[in-house]
Amino acid sequence: MSAAIFFDLDDTLYDFSGASRRELEIRLAALLGEDRDRLPEALEAYEAIREPTWHEYMAGRLTFEQVRVARFLQVLTRLNLRRERDQVQKEADLFVSGWMQGIRPFPEVEPLLAALAGKVTLGVITNGHPQQTRTKLALLGLDRWFDGSLVLASEAVGRAKPDRFIFDLALERAGVPAGETVMVGDSLESDIAGSLRAGWVGAVWFNRTGKALTASPAGSRQRLAVEPSFAGVGAQVRDMVSWLERKGGAA
Ligand SMILES: [Mg+2]
């Protein structure tokens, strides 16, 4: 197989934001208890500390497990509330085990993977924890489409998207050159700019929320497609695969 397609996982193959938001509301309400009328405030606080704590994790100052608890603790601090450490730990654990239970792939994901399997090499590159990534893929029923060695989780690799290292490692594992590899993802910086800067030939930006294309990350020899629905993403991926086949044939 001459071409490879790598997918981001969260908010690309399934609705991570929606699923985690629903469970977060349940867990924060439980943590607030008699103060649960302050839930909107707690959600706002959580949103505000989500990025900074993620950066703490990426910088290696917090482990994946510590981030969950740290977020709940910081929400309580911002709201000037006190709760037992055990209760915070319990709600943080329930949050993580709970939100994943209802996850389903976006409707057009399976048909696309089925159409690509055997034609191109398929992989996943995700910024996250390896065990949690395996669990997510199994719960989504998508694990059968991906060889384990081609599911790259940043915490196992030691570097995260958009760092070039993880994209280079993906190519090495797939045994496919950058000129025949395409990235699909919802993050303009991590997935799209990251892969294109690593020299990958194409990228499909799944832009479900209509974010502005703030920069033009693709070079002259690269292709970038932007799609608001996964059906559109699928069409673009198929189109890029045919383009790669023609390009390969012409070379
Ligand atoms: Mg994502």
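Domain bounds, as used here, come from an automatic or database domain assignment. On that basis the chain is divided into domain 1, which takes in residues 4-15 + 105-250, and domain 2, which takes in residues 16-99. The structure is a predicted model, in which local features need pLDDT of at least 70 and side-chain atom pairs count only at pLDDT 80 or more, while totals for chains, interfaces and linings use all residues. Residues are numbered from 1 along each chain as its sequence is written.

Taken over C-alpha atoms, the centres of domain 1 and domain 2 are separated by 29 Å. The contact between them takes 7 residues from domain 1 and 6 residues from domain 2, where two residues are in contact if their C-beta atoms, placed from the backbone, lie within 7 Å. The side of domain 1 that touches domain 2 has 2 nonpolar, 1 polar and 4 charged residues; in this classification Ala, Val, Leu, Ile, Met, Phe, Trp, Tyr, Cys and Pro count as nonpolar, Asp, Glu, Lys and Arg as charged, and the others, Gly among them, as polar.

For the chain as a whole, the secondary structure comes to 10 helices and 6 strands, these being DSSP runs numbered from the N terminus (helices H or I with at least four residues, strands E with at least two). The C-alpha atoms fill a box of roughly 70 × 30 × 30 Å along the principal axes. Among contacts with a separation of 6 or more, 60% are between residues 24 or more positions apart. Of the 251 residues, 37% count as buried, a residue being buried if 20 or more other C-beta atoms lie within 10 Å of its own, exposed if 12 or fewer, and partly exposed in between, with C-beta atoms placed from the backbone.

Helix 6 is followed by Gly-141, whose phi is positive, near 75°.

Leu-113, in helix 5 (residues 109-116), is buried because 20 other C-beta atoms lie within 10 Å. Not counting residues up to four places away in sequence, Leu-113 touches Leu-122 and Trp-145.
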